[in-house]
Amino acid sequence: MNVKEWIAQVVRQEEIDKYLVNGKDFVDEREIVRELEETRGPDVGMVRDILQKSLDIKLLTPRETAVLLNVEDPELLEEMKGVALEVKKRVYDNRIVFFAPLYCSNVCVNRCVYCGFRSDNCEEKRHVLTPAEIRQETEAVIDQGHKRLIAVYGEHPLSDADYIADSISEIYSVKRTTPTGNGFNNIRRVNVNAAPMSVADLRKLWRAGIGTFQVFQETYHRGRYAEFHPADTVKGNYRWRLYAMHRAMDAGIDDVAIGALFGLYDWRFEVMGLVRHAHDLERQFGIGPHTISFPRMQPAPGSFISENSSYLVGDDAFKRLVTVLRLAVPYTGLIVTARERADLRREIIGYGCTQTDASSKIGIGAYSTNKLQEENRDKVQFMLGDQRRLDEVVRELATDGYITSFCTAGYRCGRTGDKIMSLLEKGVEGKFCKLNAVLTFREYLNDYASAETRIVGERLIEKELQEIERNAFFTDKRLLPTFLSYYKRIAAGERDLYM
Ligand code: SAM
Ligand code: SF4
């Protein structure tokens with residue numbers, strides 16, 4: 001099959017139509033605009049009632065979300081940030097999950113105007129990692145201390161579903177002796193960010209053991225979507241992308257992740273699109289998205305729009321949109337990436353983000369060659385705002401009271417999809433996460449932490465241990481003895497024990 005024939009067979013109309021309601025999708029643009037208009041200048045009492053609903057850990061309606069998006073009063077905005085953090089504490093406590101992106105291919109059949117990988121960017125040097133290169137890259141990521149990856153791919157027959165499935169298996173097969181020679185480290189969860197696929201292709205990824213499948217809608221606004229994604233490309237099909245997660249659910253992948261690329265259209269509209277997306281997944285499958293991402297568009301090589309869009313989101317609006325998302329979807333993880341500057345990332349983690357990356361390199365093959373993005377401009381998709389090493393970010397967050405978690409137990413113990421949602425609602429999953437966060441942080445401190453990080457980390461882990469020992473849940477459920485024995489075994493050099 002040549003590239004043209006491959007492109008022609010990607011979209012399956014019947015795998016779009018089955019999710020529509022009376023021929024319509026869930027992004028009712030008129031209704032979004034009306035909701036945003038009608039809720040302008042909201043009454044303080046109404047805002048506080050909605051905040052109480054968030055504190056009760058309930059998904060907000062699109063209209064309630066619109067009310068929060070319309071808050072302009074600085075004091076009320078501060079109050080919202082405080083409630084957002086409280087919501088995060090109730091569901092996720094003080095944990096922050098770390099991952100690293102692994103770019104496997106930069107070949108692409110699409111021409112997204114904002115992306116360095118677009119097919120008409122002649123400056124970009126194209127490459128698809130070979131299995132041996134995937135191993136090398138994975139080894140370099142593991143050697144930083146990571147245990148979770150998100151593998152990223154351009155859309156192309158050379159990096160199709162079979163290639164992605166093979167690369168997932170390759171990544172899982174890599175094991176490294178730790179720098180101390182004490183035990184081993186490996187990637188225990190491979191998430192994927194790739195183009196929308198058919199149910200049959202998604203099943204291949206499910207069989208290979210994918211963690212979360214992630215696709216960003218980029219913009220929920222049809223007109224703007226059409227401007228940035230030429231109609232003669234696969235990505236030009238707005239609805240094929242809109243229902244990527246519905247198909248993933250049908251393929252058995254029940255951890256799905258959505259996002260929008262902020263800077264293509266009005267940020268309030270995009271937040272409304274994301275919340276509607278979450279509602280439609282809940283309505284059709286009983287499970288919302290596992291995470292939401294809100295990347296801001298970054299300068300991309302040769303892309304005028306990436307630096308000059310009239311919708312680029314400033315820091316204040318960015319902080320507001322993160323706050324509102326935390327309040328609107330209390331159970332959903334929120335991801336802030338190294339696209340953002342270090343100071344801003346640190347601040348917005350305080351409004352409720354639950355996952356982040358560090359030591360990130362987004363050039364193809366950049367981990368094993370240890371190149372900075374400035375040296376790799378012809379192989380990157382865009383430029384990162386924060387290139388600090390994992391150790392430094394872990395230390396900064398530990399200083400702020402956040403415990404780094406590399407936990408992958410939920411997924412390996414079958415606590416995913418609707419099971420994890422019900423456990424989160426009952427407050428049970430958070431308890432397991434706390435234990436697994438401490439176990440994986442113990443591994444990290446022993447194996448990879450610098451002397452400075454160990455000092456801050458040991459203090460934090462001691463506090464966590466005391467909290468665990470005092471908490472009746474762990475004694476009542478007889479979890480404490482198992483946890484303490486695992487903790488001791490890990491401290492003595494065993495690895496990958498989880499609950
Ligand atoms: N090719 C697949 C796709 O488009 O879905 C997946 C990989 S693509 C490299 C991953 C994401 O990068 C895109 O969904 C887009 O949101 C984001 N991205 C593209 N250009 C960007 C830019 N200039 N700044 C920030 N993020 C960007
Ligand atoms: Fe290709 Fe994805 Fe970049 Fe678009 S965003 S050009 S589909 S890699």
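Mentor: We'll take a helix, a ligand site and a few single residues in turn.

Trainee: What should I know about the numbering and the model?
Mentor: Residues are numbered from 1 along each chain as its sequence is written, and chains are lettered from A and ligands numbered from 1 in the order in which they are written. This is a predicted model, where local features need pLDDT of at least 70, side-chain atom pairs count only at pLDDT 80 or more, and totals for chains, interfaces and linings use all residues, while side-chain values use heavy atoms, with hydrogens and water left out.

Trainee: Helix H4 then. How many residues does H4 have, and how far does it reach?
Mentor: H4 covers residues 44–55, 12 residues in total. Helices (H or I, at least four residues) and strands (E, at least two) are DSSP runs, numbered from the N terminus. From first C-alpha to last, H4 reaches 16 Å, close to the 16 Å expected at 1.5 Å a residue. That expected span is 1.5 Å times one less than the number of residues.

Trainee: Which residues of H4 are buried?
Mentor: Val-47, Ile-50, Leu-51, Ser-54 and Leu-55. They cover an arc of only 150° around the axis, so they sit on the same side of H4. The arc is that of the directions from the helix axis to the C-beta atoms. Buried means under 20% relative accessible area, exposed over 50%, partly exposed in between (1.4 Å probe, protein chains only).

Trainee: What covers them?
Mentor: The cover includes helices H5 (62–69), H6 (74–92) and H15 (315–328). Contact here means heavy atoms within 4.5 Å.

Trainee: And what happens at the start of H4?
Mentor: A side-chain oxygen of Asp-43 comes to within 3.2 Å of the backbone nitrogen of Gly-45. A polar contact is a pair of N or O atoms within 3.5 Å; within protein, one must be able to donate a hydrogen and the other to accept it, and residues adjacent in sequence count only if both atoms are side-chain atoms. After H4 comes Ile-57, with a positive phi near 60°.

Trainee: Where else is phi positive?
Mentor: Glu-218 is one of the cases, with phi near 70°. Glu-218 lies in the loop between strand E6 (213–214) and helix H10 (222–228) and is buried at 7% relative accessibility. Ser-359 is not a glycine either, and its phi is about 60°. Ser-359 belongs to the loop between strand E10 (355–357) and helix H17 (366–369).

Trainee: Why flag those?
Mentor: Because most residues other than glycine have a negative phi.

Trainee: New topic. Which residues are around ligand 2?
Mentor: Cys-108, Asn-110, Cys-112, Cys-115, Phe-117, Arg-118 and Lys-235. Each has a heavy atom within 4 Å of the ligand.

Trainee: Now Asn-185. Buried or exposed?
Mentor: Asn-185 is buried, at 0% relative accessibility. It lies in strand E4 (residues 184–186).

Trainee: What does the side chain of Asn-185 reach?
Mentor: It reaches the backbone oxygen of Ile-142 at 3.4 Å. The Asn-185 side chain also makes a polar contact with the side chain of Lys-147 (3.0 Å).

Trainee: And Ser-405, where is that?
Mentor: In strand E11 (residues 403–405). Ser-405 is buried, with a relative accessible area of 2%. A polar atom of the Ser-405 side chain lies 3.1 Å from the backbone nitrogen of Cys-407.
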